[in-house]
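Okay, thanks for making time, everyone. I have one model to show you today, so let me put it up on the screen.

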Amino acid sequence: MSDFPFGFGLPNDPEDGDPDKKRGGGPGGQGGGGQNPADNPLAALFGSMGGQLGPQDLGAAFQQLGQMLSYEGGPVNWDLARSVARQTVAQGPPDGSKDRSVAASERAQVDEALRLADLWLDGVTSLPSGAGTAVAWSRAEWVEATLPVWRELVDPVAERVGAAMGQVLPEEMQAMAGPLLGMMRSMGGAMFGTQIGQAVGALAGEVVGSTDVGLPLGPAGKAALLPQNVAALGAGLGVEEREVRLYLALREAAHQRLFTHVPWLRSHLFGAVDGYARGIQVDTGKLEDLVGQLDPTRPEELQEKLQQGLFQPEDTPQQKAALARLETALALVEGWVDAVVHAAAEPHLPSASALRETLRRRRASGGPAEQTFATLIGLELRPRRLRDAARLWASLTDARGAQGRDALWAHPDMLPTAQDLDDPDGFVHREQLDFSELDRMLGDAAGEDGPRLDKDSDGGSGSAEDGDGSAEGEGGR
């Protein structure tokens, strides 16, 4: 999988002081300045153009190029993305495993695990079950089910590129350069589609469900596990496969409850992604150089140039605020799931604590979900926020119970902020506004008989104003 979709270098690992360890030495992320064809699909398509391709191969390559250049859709060629993702899945991950159909026995195991997970979660959260269907997916089925959501995530970034491509030439030259700009848009859509396909196809070899990136990637109401990947994850842990499957089923079912019963959450997260993407700036100077130097005989050059840092997040207060909102929202989702799943698993699974730490480290070390998300939209979810958020949700459970904790999801303004994650104890013990009392007071003020009813309810003692003032004095902040 390429480390540089959309011109973003992979963010530095916070625990790794060597930025070249992941970025590589050359423009393609390969040490020594060379470019690995596996990391450059267009280079792999055309080879060296110096005789290594036979006539039949060359003809097929140009036929594929013609299909790419004839694309007239949006900023990403999603038909190509699907095709490349399926091809990547068919090739298999580095461990050599090949995708296979899910056996009937595996479907039954997944169904049982998700059903039991929902039963255990009933005792630790006030949110009811969010999955109407339990499904077991192959890797290829995961690709098909999640591509629509990847499209929603990636298109805002890709649209920035498409808009910039139409602005790099002076207005009087754009008419003459129309065919070139059209070719660039088509090739850009193909390049983006190829890299998205590679990323999603590679991710399909690692994910265990539909919520590994903390976002609802699958269809609403479908809790999903990938039995082949679940078994691979548990193979080196020394833990019984059933325990691993149950723990991962708990995580999947907990995500489903949250996204189903917090109706504003999905749009809040995706809106934050879109807001962050809109603040990304395209280096038009580099893009102008690219247009002027593009060699038609080297179609892979477009990708090579784009990999050299064409896009940068805008360093403005608005962009920093958008980044903070998105990171905090994702951390709160993952932290809630972490805390709730641990509470549900610990009484039943002997290896619950070990599995929890394994998955935490998998995330903190830049696991496939985080790296794919980071390289696709230029965002890295800071691992320390996950632990902070999990600690905060656990403290809220101790202080207010599961119902009081889950009540914070009623509205985004009630959720902890990034500053609250820095001081979880301060947030937990801070006196909260009683919105139900506020609603009652507003209703009384609007009602014609409000003051008389208040007086009657007090048994005739004191005025309504005195009663309200007393209530405010005792229960106000």
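Predicted model: local features only at pLDDT ≥ 70, side-chain atom pairs only at ≥ 80, totals over all residues.

Residues are numbered from 1 along each chain as its sequence is written, and side-chain values use heavy atoms, with hydrogens and water left out.

So, the overall picture. The chain has 22 helices and four strands; those are DSSP runs numbered from the N terminus, H or I of at least four residues for helices and E of at least two for strands. Of the 477 residues, 48% are buried, and by buried I mean under 20% relative accessible area, with exposed being over 50% and partly exposed in between, using a 1.4 Å probe and protein chains only. How about contacts, meaning heavy atoms within 4.5 Å? Take the ones between residues at least 6 apart in sequence: 78% of them join residues at least 24 apart.

Now the helix I'd like you to find is α10, residues 241–261. How far apart are its end C-alpha atoms? They are 30 Å apart, and 21 residues at 1.5 Å each should span 30 Å, so that agrees. The expected span here is 1.5 Å times one less than the number of residues. Also, 17 of the 21 residues in α10 are buried, so the rest of the structure largely encloses this helix.

What packs on α10? Two packed helices are described by the angle between their axes and the distance between the axes. The axes are lines fitted to C-alpha atoms, for helices over the stretch in contact, and the angles run from 0 to 180 degrees between N-to-C directions.

One partner is α5, residues 104–121, at an angle of about 60° with the axes 8 Å apart. That makes α5 oblique to α10; the scheme calls angles under 35 degrees roughly parallel, over 145 roughly antiparallel, 65 to 115 roughly perpendicular, and the rest oblique. The crossing is right-handed, which is to say the near helix is turned clockwise from the far one by less than a right angle, with anticlockwise being left-handed. On the α5 side the contact includes Ala113, Leu114, Trp120 and Leu121, and on the α10 side Leu246, Ala249, Leu250 and Arg257 are among the residues they meet. By class, this contact has eleven nonpolar, one polar and five charged residues. For the classes, Ala, Val, Leu, Ile, Met, Phe, Trp, Tyr, Cys and Pro count as nonpolar, Asp, Glu, Lys and Arg as charged, and the others, Gly among them, as polar.

Another partner of α10 is α15, residues 352–364, where the axes come within 11 Å and cross at roughly 60°. This crossing is right-handed too. Glu243, Val244, Tyr247, Leu248 and Arg251 of α10 meet Ala352, Leu355, Arg356, Leu359 and Arg363 of α15. That contact splits into six nonpolar, no polar and four charged residues.

Over to α14, residues 317–345. Its 29 residues should span 42 Å at 1.5 Å a residue, and the end C-alpha atoms are 41 Å apart, which agrees. Here 21 of the 29 residues are buried, so α14 is largely enclosed by the rest of the structure. Its axis and that of α11, residues 265–278, come within 9 Å and cross at roughly 145°, and the crossing is left-handed. Leu269, Val273 and Tyr276 of α11 are among the residues in this contact, along with Leu323, Leu326 and Leu330 of α14. The α11 and α14 contact has eleven nonpolar, three polar and no charged residues.

Last, some single residues. Thr211 sits in the loop between α8 (178–204) and β2 (222–225). Is Thr211 buried or exposed? Buried, at 5% relative accessibility. Leaving aside neighbours within four places in sequence, Thr211 contacts Glu252, His255 and Gln256.

Ser138, in the loop between β1 (133–136) and α6 (139–165), is buried as well, with a relative accessible area of 8%. Not counting residues up to four places away in sequence, Ser138 touches Asp99, Arg100, Val102 and Leu226.

Then there's Pro227 in α9, residues 227–235, which counts as buried at 11% relative accessibility.

Definitions and conventions. Contact = heavy atoms within 4.5 Å.
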